[in-house]
Amino acid sequence: MLIKTPKASVISESQVTDESAYNRRRDIIKSMGFVGASALLSSTPARASFFGNDDAETFKTEKLNFSASSKKAATKLTPEEKIISHNNFYEFGTGKSDPVENAQQFKVNPWRLSIEGLAEKPFTLDYDDLFKQFPLEERIYRLRCVEAWSMVVPWIGFSLASLIKKAKPLSSAKYVAFETLYDPEQMPGQRSRFAGGGINYPYIEGLRIDEAMHPLTLLSVGLYGKTLPAQNGAPIRLVVPWKYGFKSIKSITRIRLTDKRPPTSWNQLAANEYGFYANVNPNVDHPRWSQASERRISGAGLFSRNRIDTKMFNGYEEVAALYQGMDLRKHF
Ligand SMILES: Nc1nc2c(c(=O)[nH]1)N[C@H]1C(S)=C(S)[C@@H](COP(=O)(O)O)O[C@H]1N2
Ligand SMILES: [Mo]
């Protein structure tokens, strides 16, 4: 989300890096089973990766059992190879192809996710519990990044509400705070402020309790029928489809019920640009760009990227009642 303007003298260097990164990404996607990805580069000779390490194993995903969404036929999904190779996950680098390149060795099993704070029955889930404690369902949602691109993703998961209900929240619980894994050994972006885009790790996010309990709010453990790839936030991440993508925090280890509004990572970094609510809103521009439209990442071709109008609440108007009487310019 930070705009980089390279000096003329470094442009040739960054072009070389981009090309190597592109080849590396193509190799990883190929080794994940997307053989078709090679066709994109048919005119470019294979070359050694800038990052080396070409023989390293890629992160393994597994098939999930879930109830399929009935909306599938009606919605044009973003192709899987796009969803898993164009990512924001600053713990693995700030470039769009950094996560797929740098997260392949990420260890997610064992995992511990705790739900704690203002609850009668706090508990912890281990890796297997993430897939077994709650029935899994497919939810096809639009994901709108604050940077004005979007995708349509077939997530698999369960409502955050079912997890929170199980913990029996106290009536004093007004907000829910989320925290991503903190592990600089595995996450290169956490080793320095520069590598991680200035964020003070661990990445933290938050919702009001009524937003958290809304049936659309999902804890996702998979996409396209399988467990999440590392770069998409394995083993478990939040998906709040009516808010900008940065609210959908990845690789969560802690969920805490609290009576105070929790601090959030992007708001800490630039409060004038990223609010706590971050509801998708075509009428409130980012200070540095318009939010009236977005680039929908769709077809597999490099140039099949369409500009479409952005809708209020990303088209999920059923959440409007949550914000009745609030000035959404002030609470952006
Ligand atoms: N921990 C963590 N969660 C994160 C981010 C991040 O950098 N770190 N990026 C956010 C942003 S800006 C977006 S748009 C979405 C992207 O999700 P995707 O890569 O699965 O499309 O993840 C969000 N969750
Ligand atoms: Mo984003």
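**Exercise 1.** List the residues that Lys-250 touches, leaving out residues up to four places away in sequence.

*Solution.* In this predicted model, take contact as heavy atoms within 4.5 Å. Lys-250 then touches Asn-87, Asn-88, Phe-89, Thr-180, Gln-231, Asn-232, Gly-233, Ile-236 and Arg-237.

Residues are numbered from 1 along each chain as its sequence is written. Local features need pLDDT of at least 70, and side-chain atom pairs count only at pLDDT 80 or more.

**Exercise 2.** Decide whether Lys-250 is buried or exposed, and do likewise for Asn-232.

*Solution.* Buried means under 20% relative accessible area, exposed over 50%, partly exposed in between (1.4 Å probe, protein chains only). Lys-250, at 9%, is therefore buried. Asn-232, at 3%, is buried too.

**Exercise 3.** Place Asn-87 in the chain and find its partners.

*Solution.* Asn-87 sits in the loop between helix 2 (80-83) and helix 3 (98-102), where helices are DSSP runs (H or I, at least four residues) numbered from the N terminus. A polar atom of its side chain lies 3.1 Å from the backbone oxygen of Ile-83. Beyond four places in sequence, the residues that Asn-87 touches include Gln-231, Asn-232 and Lys-250.

Definitions and conventions: Chains are lettered from A and ligands numbered from 1 in the order in which they are written. Side-chain values use heavy atoms; hydrogens and water are left out. Helices (H or I, at least four residues) and strands (E, at least two) are DSSP runs, numbered from the N terminus. A polar contact is a pair of N or O atoms within 3.5 Å; within protein, one must be able to donate a hydrogen and the other to accept it, and residues adjacent in sequence count only if both atoms are side-chain atoms.
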